[in-house]
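Subject: Handover of a structure for your review

Dear colleague,

Please find below the structure that I am handing over to you.

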Amino acid sequence: MNTPVLFYGVPQGCSFGSIVALEWLGEPYQLCRIEMLEHPWPALYAKVNPRNLTPGYLDAANQPLSESAAILSHIAARAPERGLGFAPGTRGNDQLAQMLSFLTTDFFAAFAPLWAAYEMQDADDATRTVLTRLGSADVAQNFATLDALLATRDWLVGGQRTVADAYLPGIARWAAYHRLFDAARDYPNVARYLARIQQDPAWQFATAIERKAVASSSGGFAGHVTLEELRPRLAAIVAD
Ligand SMILES: N[C@@H](CCC(=O)N[C@@H](CS)C(=O)NCC(=O)O)C(=O)O
């Protein structure tokens, strides 16, 4: 068996949540850093995810996995006793699947027009204005949904901290990046929830990792590994 590896992307990747989840899990894992702005990405990464997106994951049996929802579900299932997920067939498990789907599709995608406007520096003002308006309205609607939900609960699903709570902050921070609104004023329940998670050692660890600052793990972090160092493991992957 191998040490599982999470491939996380910087800057500000959605893989942030998978780092937090791995810290909460407390089992050994390694990290491999992908500089997302450095194109083209190393060809070796295609063995993990041929679509060249992060996060990617290599499990203990050396099988690759992509898509945040799948990786987070896998992490929760690695140690059910940690309570980051729910037993298959239970209401909690259905609700967690529903929440992860919402967060990784609707919520994630709401930011797409904003990122498009950001990347299309040579586009005309009208185009960028339309994209910005579309994205801002969609993000606001999703924040309103989450704010209503968090008015009556501390965690997103089932009264306990799950991998959905690990994922949300890594996406929600994009609203501040795009300076969309004053979250404390407009979405106080989301703001309170995020402020609480930001005190969590796992959130602080993931933030430090992204910034290349001194990072203190309260989980099973077993160090960074490079794609080159992983070459033998990547070469041994059998497509299924
Ligand atoms: N549906 C995928 C989306 C993955 C995704 O789009 N990742 C972004 C970072 S958040 C990425 O790798 N972008 C590549 C790039 O910017 O070149 C998931 O949930 O994991």
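Pro40 is placed in the loop between β2 (28-35) and β3; helices (H or I, at least four residues) and strands (E, at least two) are DSSP runs, numbered from the N terminus. The peptide bond that leads from His39 to Pro40 is cis, and its omega is near -5 degrees. Please bear in mind that this is a predicted model, in which local features need pLDDT of at least 70 and side-chain atom pairs count only at pLDDT 80 or more, while totals for chains, interfaces and linings use all residues. Residue numbers start from 1 along each chain as its sequence is written.

The loop between β2 and β3 also holds Pro55. A cis peptide bond joins Thr54 to Pro55, with omega about 5 degrees. Asn52 is placed in the loop between β2 and β3 as well. Although Asn52 is not a glycine, its phi is positive, at about 50 degrees. Such features deserve a remark, because most residues other than glycine have a negative phi, and most peptide bonds are trans. Asn52 is partly exposed, as 18 other C-beta atoms lie within 10 Å. For this term, a residue is buried if 20 or more other C-beta atoms lie within 10 Å of its own, exposed if 12 or fewer, and partly exposed in between, with C-beta atoms placed from the backbone.

A positive phi is also found in Glu67, a residue other than glycine, where the value is near 80 degrees. Glu67 lies in the loop between β4 and α2, and it counts as partly exposed with 17 C-beta neighbours inside 10 Å.

Which residues are around the ligand? They are Gly9, Gly13, Cys14, Met36, Leu53, Thr54, Pro55, Glu67, Ser68 and Thr104; a residue is near a molecule if its C-beta atom, placed from the backbone, lies within 6 Å of it. By class, this shell has four nonpolar, five polar and one charged residues. Here Ala, Val, Leu, Ile, Met, Phe, Trp, Tyr, Cys and Pro count as nonpolar, Asp, Glu, Lys and Arg as charged, and the others, Gly among them, as polar.

Which residues of helix α2 are buried? In α2 (residues 68-78), they are Ser68, Ala69, Ile71, Leu72, Ile75 and Ala76. These residues lie on the same side of α2 because they cover an arc of only 165 degrees around the axis, the arc being that of the directions from the helix axis to the C-beta atoms. An α-helix has 3.6 residues a turn, so residues three or four places apart point the same way. The cover over the buried residues of α2 includes α1 (16-25), β3 (56-58), β4 (64-66), α3 (91-110) and α6 (163-177); a contact here means that the C-beta atoms of two residues, placed from the backbone, lie within 7 Å.

The chain is assigned domain 1 (5-84 + 201-235) and domain 2 (91-198), with bounds that come from an automatic or database domain assignment. The centres of the two domains, taken over C-alpha atoms, are separated by 22 Å. In the contact between them, 16 residues of domain 1 meet 17 residues of domain 2. On the side of domain 1 that touches domain 2, α1 and α2 each supply at least two residues. The largest share of that side, six residues, comes from α2. The residues of that side divide into 11 nonpolar, five polar and no charged.

Pro4 lies in the segment before β1 (5-10) and counts as buried, with 25 C-beta neighbours inside 10 Å. Leaving aside neighbours within four places in sequence, Pro4 is in contact with Tyr29, Tyr57, Leu58, Asp59 and Ala60. By contrast, Arg185 in helix α7 (residues 183-186) counts as exposed, with 8 C-beta neighbours inside 10 Å.

Finally, the chain as a whole has 10 helices and five strands. Its radius of gyration, taken over C-alpha atoms, is 18 Å, close to the 18 Å that the globule rule (2.2 Å times the number of residues to the power 0.38) gives for 240 residues, so the chain is as compact as a globular protein of that length. Buried residues make up 35% of the 240 residues.

Yours sincerely
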